[in-house]
Amino acid sequence: MIIALGCDHAGFHLKTAVAEHLKSIGCDVVDHGCYSADAVDFPDIARLVCHSVLRGEAARGIMVCGTGVGASIAANKIPGIRAAVCHDYHSAHQSVEHDDVNVMCVGAQIVGAWLVKDLISSYVTATFSTEEQFRRRVEKLAVLEREAASMIKPE
Ligand SMILES: O=C(CO)[C@H](O)[C@H](O)COP(=O)(O)O
């Protein structure tokens, strides 16, 4: 699996551990930065990661910021992205199985290098359920996106 990976400055140190773990479990990584602890704005990196997923360069994305929260807010603004903060093993796989999450967000100020490995393994090995109720609900998420798009009026 190819993973689009990104972080802000607060997630930079953990991103290195994430990339190493992804490679150790057989994933290829497309690294969208940032590449140092110099301050950047998480929406800029989330945009790169999400667009990479939407272009099909990567099957899924992972974003690391301080809490994972800002990254998930930014990612969820982009139609076609279903992002979630996952700081526990169950959410990391169930978010894919039930909700077809395609960008997992983690907080480097919340989880350490050991837990994040388990979260990533759980996320990348999970697959979206074929059960009808989950497919129906994810399609309803797409309907919400289309409704929101139709409500946007030029200023
Ligand atoms: O977690 C985050 C957003 O949810 C950011 O990483 C955090 O806000 C960065 O803060 P600062 O610029 O003070 O390092």
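Predicted model: local features only at pLDDT ≥ 70, side-chain atom pairs only at ≥ 80, totals over all residues.
Q: What makes strand β5 mostly covered?
A: Strand β5 spans residues 103-107, and five of its five residues are buried. A residue counts as buried when its relative accessible area is under 20%.

Q: How do you know that strand β3 and β5 pair?
A: Pairing requires at least two bridges between the strands. Strand β3 (residues 60-65) and β5 have five bridges, in the parallel sense, and therefore they count as paired. Within this pair of strands, C65 stands opposite G107 in β5.

Q: What joins strand β4 to β5?
A: Three bridges join strand β4 (residues 83-85) to β5, and the two run parallel. At least two bridges are needed, so β4 and β5 also count as paired. V85 stands opposite C105 in β5.

Q: Through which helix does the chain cross from β4 to β5?
A: The chain passes through helix α4 (residues 89-99), and this β-α-β crossover is right-handed. Right-handed means that, with the strands pointing away from the viewer, the path from the first strand over the helix to the second runs clockwise.

Q: Why is H93 called buried?
A: H93 lies in helix α4. The cut-off for buried is under 20% relative accessible area; H93 has 19% relative accessibility and therefore counts as buried.

Q: Which residues does H93 touch, not counting those up to four places away in sequence?
A: H93 touches S122 and A126.

Terms used. Residues numbered from 1 in each chain as written. Heavy atoms only, no water. Buried < 20%, exposed > 50% of the residue type's maximum accessible area, 1.4 Å probe, protein only. Helix = DSSP H or I, 4+ residues; strand = E, 2+ residues; numbered from the N terminus. Contact = heavy atoms within 4.5 Å.
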